[in-house]
Amino acid sequence: MRGTKDAATRFRETVLPCLDDAYTLARYLTRSTTDADDLVQEAFARALRYFDGFGGGDPRPWLLAILRNCFYAWLRARRAQQGEPLPDPEEAAAEATADPWGQTPEDPEAALIRIDEAAVVRALVEALPEPFREVLVLREMSDLSYQQIAEVTEVPIGTVMSRLARARLLVKRAWLARQGEEAP
């Protein structure tokens, strides 16, 4: 019994600090807060089940690889079903008005601009094709190294670098197009 408690304590101390990174990746992969919640829960359950196989070091790449595998299993199951549920309009409206940085706006005009820009950036990232979206979120939001991203996505580091460059270029072009500027 004592060994189980020690393993659970080690799991909490080692893996639980990665919860935000796992949720961020899940949110961008699923494009739904509800599905992201379920995906993170499944990934943490699997991580706990296989925690004895964790070799030490930074747990984020290990956990995010588990989360990614859970996502692809979820996606296969979802595609096997007939039809997809429509998104909840209230949830979409709440997400569009949430301030992702938790800052208090100085005035109402600044708040509206920040809300609009955050929603646009979120939408641009979510519109990226899956491989590009995945590496961009892992690098820019989870702050993983190229090597760690390569481990999570199971692709060569050169592929990670090219996908990341392409993702940044696609977001930049889309942003400039929205602003009515000429994209390079």
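**Exercise 1. Helix packing**

Are α2 and α3 parallel, perpendicular, antiparallel or oblique to each other?

*Solution.* The model is predicted.
- Step 1: take the packing angle. It is about 130 degrees for α2 and α3, and the axes lie 8 Å apart.
- Step 2: conclude. α2 and α3 are therefore oblique to each other.
- Step 3: The crossing of α2 past α3 is right-handed.
- Step 4: list the contact. α2 contributes Leu19, Ala22, Tyr23, Ala26, Arg27 and Thr30. From α3 come Thr33, Asp35, Ala36, Asp37, Leu39, Val40 and Phe44.

**Exercise 2. Positive phi in loops**

*Solution.* Start from the background: most residues other than glycine have a negative phi.
- Step 1: read Arg31. Its phi is positive, near 65 degrees.
- Step 2: The loop between α2 (19-30) and α3 (33-49) holds it.
- Step 3: classify Arg31. Its relative accessible area is 42%, so Arg31 is partly exposed.
- Step 4: read Glu154. Phi is again positive, about 60 degrees, and Glu154 is not a glycine.
- Step 5: classify Glu154. The relative accessible area is 63%, so Glu154 is exposed.

**Exercise 3. Helix spans**

What span should α9 have at 1.5 Å a residue, and what follows the helix?

*Solution.* 
- Step 1: count. α9 has 23 residues.
- Step 2: compute the expectation. The span is 1.5 Å times one less than the number of residues, because that is how it is defined. For α9 this gives 33 Å.
- Step 3: compare. The end C-alpha atoms of α9 are 33 Å apart, so the two values agree.
- Step 4: check α7 (residues 130-141) likewise. Its 12 residues reach 16 Å, close to the expected 16 Å.
- Step 5: look past the ends. Gly180 follows α9 with a positive phi near 80 degrees. Asp143 follows α7, and its phi is positive, near 60 degrees.
- Step 6: note the burial. Val160, Leu164, Ala167, Val171 and Leu176 are buried in α9. Buried residues of α7 include Phe132, Val135 and Leu138.

**Exercise 4. Aromatic rings**

Is the pair of Phe51 and Phe54 stacked, tilted or edge-to-face?

*Solution.* 
- Step 1: The structure holds 7 aromatic pairs.
- Step 2: take the geometry of one of them. Phe51 and Phe54 lie 6.0 Å centre to centre, with 15 degrees between the planes.
- Step 3: apply the cut-off. Planes under 30 degrees apart count as stacked. The pair is stacked.
- Step 4: check burial. Phe51 and Phe54 are buried.
- Step 5: widen the view. Phe11, Phe44, Phe51, Phe54 and Trp62 are joined by ring pairs into a cluster.

**Exercise 5. Charged residues in helices**

Are Asp21 and Arg122 buried or exposed?

*Solution.* 
- Step 1: locate Asp21. It belongs to helix α2.
- Step 2: classify Asp21. Its relative accessible area is 14%, so Asp21 is buried.
- Step 3: list contacts. Leaving out residues up to four places away in sequence, Asp21 touches Arg60, Leu64, Met141 and Ser142.
- Step 4: locate Arg122. It is in helix α6 (residues 108-127).
- Step 5: classify Arg122. At 15% relative accessible area, Arg122 is buried.
- Step 6: Arg122 and Arg31 are 91 residues apart along the chain, yet their C-alpha atoms are separated by 9.8 Å.

Note on methods: Residues numbered from 1 in each chain as written. Predicted model: local features only at pLDDT ≥ 70, side-chain atom pairs only at ≥ 80, totals over all residues. Heavy atoms only, no water. Phe/Tyr/Trp six-rings, centres within 6.5 Å; stacked < 30°, edge-to-face > 60°. Buried < 20%, exposed > 50% of the residue type's maximum accessible area, 1.4 Å probe, protein only. Helix = DSSP H or I, 4+ residues; strand = E, 2+ residues; numbered from the N terminus. Axes fitted to C-alpha atoms, helices over the stretch in contact; angles between N-to-C directions. Parallel < 35°, antiparallel > 145°, perpendicular 65-115°, else oblique. Left-handed = near helix turned anticlockwise from the far one by under 90°. Contact = heavy atoms within 4.5 Å.
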